[in-house]
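Work through the exercises below with the sequence and the coordinates open. Each task is followed by a stepwise solution.

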Amino acid sequence: MKSFVRCAIGAALAAAFAAGALAADLKVGLSVSLSGPNSSLGIPYAKGMQAAVAYRPEINGRKVQLVVLDDGSDPTNAGRNARKLVEEEKVDVLMGSSGVPATIAISQVGRESKTPMIGLSPISLPPAESDWTVTVAQPPQLMIDAVVEKMKRDGVKTVGYIGFSDAWGDLVYNSLMKAAEPAGIKVLTNERYARADASVTGQVLKIVAARPDAVMTGGSGTPGALPYLALAERGFKGNVYGQHGLINPDFVRVAGPAANGSFMPTGPVIVAEQLPADYPTKKIALDFRSAFQKVNNAASTDAFSAYSFDGYMVFADAAARAKGEPGTPEFRASLRDAIFSTKEVVGAHGVYNFKQGNLYGVDERARVIVKLDNGQWKLVP
């Protein structure tokens, strides 16, 4: 049975207008994977959103309600959730999800229903289908460019690739291919596996047989650990590079020593304490850490909870500028326009600037390279 979690933040009514009418609550609808293969991402997303609402529970005198639904790691369920959130809960904004296919499914409902959508995963949409959607995740190309730059500094000439057999695996592979050739690096393999697979031994045997200098992986969460385990079993000695879909404690736990020494790009929040004092996101990143600890009674050790936090910061900035009454088509349209005029909103991962026709809103300030050192992420200068 699909689980349903609903969190009412604050009182049911906001402050009264001067005329005596009560301001309507703002409603945020979040669909993520609280169960299934993507739950190692979805649970942090939900916890990060709860921290965000606690950090800023009121916008222009209006309390914020958060409604969270579990998609069970199924993109079809994500689409159903989005319709439920729009049609039954009357949310002002949609957010999600824990994977690329599910995020696209929610985006499609947002566009059809004319409800703004703030994605938490990196996606690719034709311009004609992105007029109600933005995402706070870093674009894969921005992050993979940083990985390839690191490869080049490390003297890598050939690389093998293994990633998911879905849209995320495609995004990483395509970004790698675009960056590798100009850097003088040849990609030797394009091996794929499903998120639910229990083994990638066959794929890794092909990679090892190709004798690459290094390997690049295109997985995420717990299933993203499989290539690291298989490469270690085969005694692969080259560097292994990942991407920001792997920055979570469940990956570290499952991969264990097999991932030690791996290099990955991430938003700077994951190493907030190690950043220079003048880094533009350091203060908000530390604020996020504090809010997360207070709400969840535990430290944030992943990158995903901060995407929810940043999505809410973008929403809060736009909602403060939107016109009309929450819960109405006029407000949702104004909120969409306000999101697309976001300027220099500082989050835990990056500094956000959005405009119509561009899904992504971050630049190089939203990426650093880290190394996994005995279970801890270390900033690579």
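**Exercise 1.** In which sense do β8 and strand β11 (residues 214–218) pair, and over how many bridges?

Solution. The model is predicted: local features need pLDDT of at least 70, side-chain atom pairs count only at pLDDT 80 or more, and totals for chains, interfaces and linings use all residues. Residues are numbered from 1 along each chain as its sequence is written, and side-chain values use heavy atoms, with hydrogens and water left out.

Step 1. Two strands pair if DSSP finds at least two bridges between them.

Step 2. β8 and β11 pair in the parallel sense over 5 bridges. In this pairing G160 stands opposite V215 of β11.

Step 3. β8 also pairs with strand β9 (residues 186–187), in the parallel sense and over 2 bridges. Here V159 has V187 of β9 as its bridge partner.

Step 4. Strand β10 (residues 191–193) runs parallel to β8 and is joined to it by 3 bridges. The partner of I162 in β10 is E191.

Step 5. For burial, take under 20% relative accessible area as buried, over 50% as exposed and anything in between as partly exposed (1.4 Å probe, protein chains only). Strand β8 (residues 158–164) is mostly covered, with 7 of its 7 residues buried.

**Exercise 2.** Which strands pair with β4, and in which sense?

Solution. Step 1. Strand β2 (residues 26–32) pairs with β4 in the parallel sense, over 7 bridges. S31 stands opposite L69 of β4.

Step 1. Strand β3 (residues 58–59) pairs with β4 in the antiparallel sense, over 2 bridges. K63 in β4 is the bridge partner of E58.

Step 2. The hairpin of β3 and β4 has 2 residues between the strands, and N60 takes a positive phi near 50° there.

Step 3. Of the 9 residues of β4 (residues 62–70), 8 are buried, and the strand is mostly covered.

**Exercise 3.** Locate S98 and T103: is each of them buried or exposed?

Solution. Step 1. S98 lies in the loop between β5 (93–96) and α3 (100–113), while T103 is placed in helix α3.

Step 1. S98 has a relative accessible area of 2%, so S98 is buried. T103 counts as buried because its relative accessibility is 0%.

Step 2. Contact means heavy atoms within 4.5 Å. Residues up to four places away in sequence not counted, S98 touches V32, S33, N38, L41, G42, Y45 and S121. With the same exclusion, T103 touches G96, S97, M117, G119, S121 and I123.

Step 3. A polar atom of the S98 side chain lies 2.9 Å from the backbone nitrogen of S33.

**Exercise 4.** Which residues touch the most other members of the largest nonpolar core?

Solution. Step 1. A nonpolar core is a set of buried Ala, Val, Leu, Ile, Met, Phe, Trp, Tyr and Cys residues joined through side-chain atoms within 4.5 Å.

Step 1. The largest core has 113 residues, and M216, F251, Y312, F315 and W377 touch the most other members. Helix α10 (residues 304–321) gives the largest share of this core, 11 residues. A second, separate core has 12 residues, including L69, A82, A102 and I106.

**Exercise 5.** How are the rings of Y312 and F315 arranged?

Solution. Step 1. Rings of Phe, Tyr and Trp (its six-membered ring) pair if their centres lie within 6.5 Å; planes under 30 degrees apart count as stacked, over 60 as edge-to-face and the rest as tilted.

Step 1. The whole structure has 11 aromatic pairs. In the pair of Y312 and F315 the ring centres are 5.8 Å apart and the planes stand at 55°, so the pair is tilted.

Step 2. Both Y312 and F315 lie in helix α10, 3 residues apart, about one turn of the helix. Y312 and F315 are both buried.

Step 3. One aromatic cluster is formed by Y55, F288, F292 and F309.

Note on methods:
Helix = DSSP H or I, 4+ residues; strand = E, 2+ residues; numbered from the N terminus. Polar contact = N/O pair within 3.5 Å; in protein donor to acceptor, adjacent residues only side chain to side chain.
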